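Thanks for making time this morning.

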Amino acid sequence: MRTILTISAMWLLLNATVSHAQAPRAAANLEVKDVDNDDGTRLRLAWELSPDDNGKRTGNPVGGYRLERAATPPEDPPEGAEAERILIRGEFREVKVIDPGVTSFVDEKLVASRQYRYRLTALGPNEELSPAVLSAAPIAPVVQWFNKPKFWFGVFLLIVCGSVVLFIELARSGWDLKIRKVAGLEAVEEAVGRATETGRDILFIPGIQDINDIQTVAGLIVLNRVAELTAEYDAGLKVPTTRSLVMTMAQETVEGAYLKAGRSDLYNPDDIYYLTDEQFGFVAGVTGTMVRDKPAACFYMGAFYAESLIFAETGNTVGAIQIAGTAQPSQLPFFIAACDYVLIGEEFFAASAYLSGEPKQLGSLKGQDVGKLIGGLLILVGSLALTGAEFVSRYGLENTAGRYFRTLGEWLKNSFLGG
């Protein structure tokens with residue numbers, strides 16, 4: 001019996017010695033600093049690795065670092081005496097286990113009104129704990145009211161907004177603003193004229209989304225212009241829709257256009273009709289109309305999905321002039337491949353200003369164009385600067401020039417693109 005007890009004691013002593021030997025040495029110099037130019041929700045931590053951390057994922061005596069945080073007042077404070085104890089001593093809670101070889105971490109989603117302390121413990125391969133290293137003193141994240149690296153981005157926004165206001169005032173005062181031509185909108189009159197000459201209808205599809213989609217609204221604005229021309233030229237206009245509210249709005253739009261043109265007698269509300277909410281049921285109905293009636297011109301203005309290519313290919317087979325406009329990037333290639341003219345993204349939304357001639361909208365469009373020009377120049381300069389820096393660095397030319405190029409490129413990237 002004495003022999004068994006002796007062996008058990010020796011085994012326990014040996015196990016404790018091995019476990020103690022496996023525990024890694026502690027990390028050192030845990031520093032916590034506020035993150036500059038943020039909203040007061042982040043702190044940056046840095047430390048020196050444990051002397052046992054060789055930075056390798058396999059065979060590393062250090063399996064990671066357990067980072068713990070204590071908040072004062074605590075994040076989930078209890079009540080009574082326990083709350084007082086936590087407020088005085090702090091209660092550490094695990095934030096994350098960080099991989100070996102890592103020497104920094106940014107703690108996010110903090111509260112600016114609280115102070116935080118941190119504790120870092122190195123972990124052995126079998127979760128053995130090293131002595132903990134504590135941050136020096138509690139620190140609170142600070143709200144920065146101004147993001148200094150974004151100062152020049154703010155200047156850029158002021159220039160763009162100032163351009164918009166300036167051109168709006170110029171348009172109001174009677175200046176003839178030169179607006180860039182949009183080929184798809186220039187072709188509207190050509191398409192309506194062809195329908196008039198051939199005696200065939202115009203088919204207008206304002207997308208397949210409801211009236212709360214901005215693309216549907218933009219499509220109805222284009223419909224207003226098309227309806228004015230069809231009334232003036234005495235051409236037929238058909239508008240199938242997938243939503244009852246869109247049908248109602250389209251009827252009001254077309255009727256208003258015919259009244260404005262003084263041809264209200266030509267307006268037929270039955271030409272603006274509802275088919276179905278079902279996507280491919282609508283596709284079948286519209287393509288059937290295309291094959292039977294062979295419209296002279298087809299307009300696709302709004303949000304489209306898988307049906308875009310079906311519409312465009314069917315219209316192409318019947319020989320119609322096709323003008324499309326959408327902000328759906330995935331559908332633009334299909335329209336470009338099968339249609340004569342395409343309003344791409346921003347051009348589609350600019351149609352309202354282009355077609356209306358209203359001073360506010362024209363001035364806004366002109367001011368945005370100025371902003372795009374400035375933005376394009378900044379991107380070009382930054383790209384050339386970074387390219388020049390790489391060229392200088394690769395071929396060992398003037399080091400000073402390389403530094404200037406890189407500094408300029410990095411400044412532009414950080415100031416306008418957020419790094």
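Predicted model: local features only at pLDDT ≥ 70, side-chain atom pairs only at ≥ 80, totals over all residues.

Residues are numbered from 1 along each chain as its sequence is written, and side-chain values use heavy atoms, with hydrogens and water left out.

The secondary structure of the chain comes to 13 helices and 13 strands, where helices (H or I, at least four residues) and strands (E, at least two) are DSSP runs numbered from the N terminus. Of the 419 residues in the chain, 39% are buried; buried means under 20% relative accessible area, exposed means over 50%, and partly exposed lies in between, with a 1.4 Å probe and protein chains only. Among contacts with a separation of 6 or more, 70% come from residues 24 or more positions apart, a contact being heavy atoms within 4.5 Å.

Now to the helices. Two packed helices are described by the angle between their axes and the distance between the axes. Helix α6, residues 214–233, packs against helix α7, residues 244–260, at an angle of about 35 degrees, and their axes are 8 Å apart. These axes are lines fitted to C-alpha atoms, for helices over the stretch in contact, and the angles run from 0 to 180 degrees between N-to-C directions. On the α6 side the contact includes Leu-220, Leu-223 and Ala-227, and on the α7 side it includes Met-249, Ala-250 and Val-254.

What about the interior? In soluble globular proteins, nonpolar side chains tend to be buried together. The largest nonpolar core here has 46 residues, of which Ile-202, Phe-204, Val-226, Leu-237 and Phe-299 touch the most other members; such a core is a set of buried Ala, Val, Leu, Ile, Met, Phe, Trp, Tyr and Cys residues joined through side-chain atoms within 4.5 Å. Helix α6 gives the most to this core, with 8 residues. A second, separate core of 20 residues includes Ile-205, Val-286, Leu-332 and Val-342.

Rings of Phe, Tyr and Trp (its six-membered ring) pair if their centres lie within 6.5 Å, and planes under 30 degrees apart count as stacked, over 60 as edge-to-face and the rest as tilted. Phe-204 and Phe-299 have ring centres 5.7 Å apart and planes at 25 degrees, so this pair is stacked. Because Phe-204 lies in strand β8 and Phe-299 in strand β11, the pair ties together parts that are 95 residues apart in sequence, and both residues are buried. Tyr-300 and Phe-311 are also stacked, at 6.1 Å centre to centre and 5 degrees between the planes, and both of them are buried.

Leu-129, in the loop between β6 and β7, counts as partly exposed at 47% relative accessibility. Leaving out residues up to four places away in sequence, Leu-129 touches Ala-23, Arg-66, Thr-121, Ala-122 and Leu-123.
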